[in-house]
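Okay, thanks for coming, everyone.

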Amino acid sequence: TGIPFDGGLRCLCWKILLNYLPLEKALWSSLLKKQRDLYSQFLKEMIIQPGIAKANLGVSREDVTLEDHPLNPNPDSRWNTYFKDNEVLLQIDKDVRRLYPDMAFFQRPTDYPCLLILDPQNEFETLRKRVEQTTLKSQTVARNRSGVTNVSSPLKTTPNSLSEYEVLPNGCEAHWEVVERILFIYAKLNPGIAYVQGMNEIVGPLYYTFATDPNSEWKEHAEADTFFCFTNLMAEIRDNFIKSLDDSQCGITYKMEKVYSTLKEKDVELYLKLQEQNIKPQFFAFRWLTLLLSQEFLLPDVIRIWDSLFADDKRFDFLLLVCCAMLTLIRDQLLEGDFTLNMRLLQDYPISDVHLILKKAKELQDSK
């Protein structure tokens with residue numbers, strides 16, 4: 001039936017279901033303090049340090065030439081790392097600015113900007129400044145690996161250019177900037193996967209849920225808590241984002257085929273129709289599975305679906321049943337439609353009542 005939002009219950013449950021908080025309540029406060037301090041440490045090391053280094057490098061010409069400089073080809077050069085990071089940062093920036101464009105939330109200023117970074121006494125370089133100063137064309141770093149699958153849903157319209165967003169005054173930061181920082185730190189700490197387009201769609205609903213927590217003591221730490229919950233969630237679903245694993249037992253292709261094999265079990269007529277029309281699961285299920293349906297529904301509905309997904313003790317097996325439920329609920333239209341019509345239905349899913357979909361998924365689960 002979903003988790004009630006009242007009193008911050010959902011925020012608390014998600015933190016437990018994503019293995020951020022232990023079941024023993026007595027341990028919570030010490031663990032939260034430790035994790036939030038650790039997150040501050042990450043900020044100091046990964047966002048603030050290069051800025052300081054840059055300021056210091058400008059001070060003494062002699063140091064610059066002797067040790068490190070922007071054209072230093074050495075892979076250990078801090079400048080080299082800085083430029084590589086900027087490529088990743090530009091891709092993240094492009095994606096987070098258009099998070100849930102149909103909602104004003106991500107464009108609004110947070111009540112808890114990161115003082116560590118925004119303190120005017122510090123001459124740190126914020127990510128916003130880094131993006132402004134980086135002249136690299138963001139097109140060069142687009143990393144869309146979905147082939148025929150469009151990662152962004154036709155439901156979501158996006159403003160044409162960044163200029164359409166109002167710039168917040170100094171000392172303020174928008175919620176999307178907080179999300180950008182979370183993803184940047186995640187990319188720095190996980191160089192094996194770094195950042196892949198679509199991760200912004202996973203972190204968005206988590207951050208939104210924690211940043212709207214009615215309990216202000218928790219809400220204040222939404223950034224750090226989101227970071228750790230996102231990291232734990234990615235540890236479970238990251239194989240979907242790693243292209244080299246696509247065809248392995250744990251990769252996305254295997255999971256997409258599992259949607260069809262489950263459908264074959266539950267509704268062989270519909271399965272054969274899709275096969276006959278050569279509608280491959282990667283045409284629609286890639287996005288459904290990789291992004292945990294976050295692009296198919298409006299944010300409040302995505303959050304409701306995630307209540308059920310996070311509570312699944314088999315960890316995301318229920319997601320396959322939800323995908324099957326989505327197919328069987330539009331079976332009549334699919335059985336009648338031709339290829340083009342059916343592709344449109346699947347790429348822009350017509351049913352918006354997620355309770356109906358979850359109920360159907362539960363029926364499929366119980367009918368095993």
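This is a predicted model: local features need pLDDT of at least 70, side-chain atom pairs count only at pLDDT 80 or more; totals for chains, interfaces and linings use all residues.

Okay, zooming out. The protein has 18 helices and zero strands. Of its 368 residues, 50% are buried. If you take the contacts with a separation of 6 or more, 77% of them are between residues 24 or more positions apart. The accessible surface is about 18200 Å², and carbon and sulfur atoms hold 53% of that.

Now, one helix I'd like to pick out is α14, residues 299-310. From first C-alpha to last, α14 spans 16 Å over its 12 residues, close to the 16 Å you'd expect at 1.5 Å a residue. How many of the 12 residues in α14 are buried? The count is 10, so to speak a mostly covered helix, by the 20% relative-area cut-off for buried. Among those buried residues are Trp-306 and Phe-310, but also Arg-304 and Asp-307. And what do the buried residues of α14 pack against? They go up against α1 (9-17), α8 (199-211), α10 (222-237), α15 (317-329) and α18 (354-366).

Next, the aromatics. There are 17 aromatic pairs in the structure. One of them is Tyr-260 with Tyr-271, edge-to-face, with the centres 6.0 Å apart and 85 degrees between the planes. Tyr-260 belongs to helix α11 and Tyr-271 to helix α12, so this pair ties together parts that are 11 residues apart in sequence. Are these two tyrosines buried or exposed? Tyr-260 is at 5% relative accessibility, so it counts as buried, and Tyr-271 is buried too, at 12%.

Then there's Phe-284 with Trp-288, again edge-to-face, at 4.9 Å centre to centre and 65 degrees between the planes. Both of those residues are buried. Ring pairs then join Tyr-260, Tyr-271, Phe-284, Trp-288, Phe-297 and Tyr-349 into a cluster.

Staying with some of those residues, let's look at Ile-279. Where is Ile-279? It's in the loop between α12 and α13 (285-290). Despite being in a loop, Ile-279 has a relative accessible area of 0%, so it's buried. Setting aside neighbours within four places in sequence, Ile-279 is in contact with Tyr-260, Leu-274, Phe-284, Phe-339, Asn-342, Met-343 and Leu-346. As for Met-343, it's 64 residues from Ile-279 along the chain, yet their C-alpha atoms are 7.5 Å apart.

Last stop, another loop residue: Asp-267, between α11 (252-266) and α12 (268-276). Why do I call Asp-267 buried? Because its relative accessibility is 10%, and the cut-off for buried is under 20%. Leaving out residues up to four places away in sequence, Asp-267 touches Thr-328 and Arg-331.

That's my tour, happy to take questions.

Note on methods. Residues are numbered from 1 along each chain as its sequence is written. Side-chain values use heavy atoms; hydrogens and water are left out. Helices (H or I, at least four residues) and strands (E, at least two) are DSSP runs, numbered from the N terminus. Buried means under 20% relative accessible area, exposed over 50%, partly exposed in between (1.4 Å probe, protein chains only). Contact means heavy atoms within 4.5 Å. The expected span of a helix is 1.5 Å times one less than its number of residues. Accessible areas come from the Shrake-Rupley method with a 1.4 Å probe; for residues, only the protein chains shown count as cover. Rings of Phe, Tyr and Trp (its six-membered ring) pair if their centres lie within 6.5 Å; planes under 30 degrees apart count as stacked, over 60 as edge-to-face and the rest as tilted.
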